[in-house]
Amino acid sequence: MMITAITCVSSFAEDKTILSVLQGNTGKTVELRMQCGEKIGGKVEQVNDNVVLLSHLTGAEYFDGVVNLKDVSAVITRSAGK
């Protein structure tokens, strides 16, 4: 029972971190790595507790997409060159 509680808390913390990163990158281009291994890139337009709206999808620039945050395992962002 204790292990289940820790797993749920850990999963909740990871979701909040991804949410925070995406909120901080609103208006910027990111690549999302999905738990299934797929990659989705685009410009972050809106983020809420459940989904992120991406516009100008990579490879399909005239399309927008909505991604469930629970399916995102990583957020890749471009950083300034050093």
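**Strand faces, sheet and core**

Modeller: This is a predicted model.

Colleague: How many bridges join β3 to β4?

Modeller: Four bridges join β4 to strand β3, residues 51-55, and the two run antiparallel. Within β4, N68 stands opposite V51.

Colleague: And in what order do the strands form the sheet?

Modeller: The sheet is open and has five strands, in the order β4-β3-β2-β1-β5, with antiparallel pairing. β4 and β5 stand at the edges with a single partner strand each, so one side of each has no neighbour in the sheet. On average, neighbouring strands are turned by 45° against each other, direction ignored.

Colleague: Let us turn to the core. Which residues touch the most other members of the largest nonpolar core?

Modeller: Those are L22, L32, V52 and L54, in a core of 15 residues. At least two residues of this core come from each of α1, β1, β2, β3 and β5 (72-77). As a general matter, nonpolar side chains in soluble globular proteins tend to be buried together.

Colleague: What does L22 touch, not counting residues up to four places away in sequence?

Modeller: L22 touches V30, L32, V44, V47, V52, L69 and V75 on that count.

Colleague: Changing topic: where is N25, and is N25 buried or exposed?

Modeller: N25 lies in the loop between α1 (2-24) and β1. N25 has a relative accessible area of 14%, so this residue is buried, the cut-off being under 20%. Apart from neighbours within four places in sequence, N25 is in contact with V30, V44 and T77.

Colleague: How many salt bridges does the structure hold?

Modeller: The structure holds one salt bridge. E31 forms this salt bridge with R33, and the closest N and O atoms are 2.9 Å apart.

Colleague: What is the relative accessibility of E31, and what is the relative accessible area of R33?

Modeller: E31 is at 26% relative accessibility and counts as partly exposed. R33 has a relative accessible area of 31% and is partly exposed.

Colleague: Where does C36 lie?

Modeller: C36 is in the loop between β1 (29-34) and β2 (39-47). With a relative accessible area of 64%, C36 is exposed. The C-alpha atoms of C36 and S73 are separated by 8.8 Å, while the two residues are 37 residues apart along the chain.

Colleague: In the loop between β3 and β4 there is H56. What is the phi of H56?

Modeller: Phi of H56 is near 50°, a positive value in a residue other than glycine. Most residues other than glycine have a negative phi. H56 is partly exposed, at 47% relative accessibility.

Colleague: Finally, what pLDDT does the chain average?

Modeller: The chain averages a pLDDT of 83, and 78% of the residues score at least 70. Over residues 1-12, however, the pLDDT is below 50, and this stretch has zero contacts in the model beyond near neighbours in sequence.

Terms used:
Residues numbered from 1 in each chain as written. Predicted model: local features only at pLDDT ≥ 70, side-chain atom pairs only at ≥ 80, totals over all residues. Heavy atoms only, no water. Salt bridge = Lys/Arg side-chain N within 4 Å of Asp/Glu carboxyl O. Buried < 20%, exposed > 50% of the residue type's maximum accessible area, 1.4 Å probe, protein only. Pairing = 2+ DSSP bridges. Contact = heavy atoms within 4.5 Å. Core = buried A, V, L, I, M, F, W, Y, C linked by side-chain atoms within 4.5 Å. pLDDT = per-residue confidence, 0-100. Axes fitted to C-alpha atoms, helices over the stretch in contact; angles between N-to-C directions.
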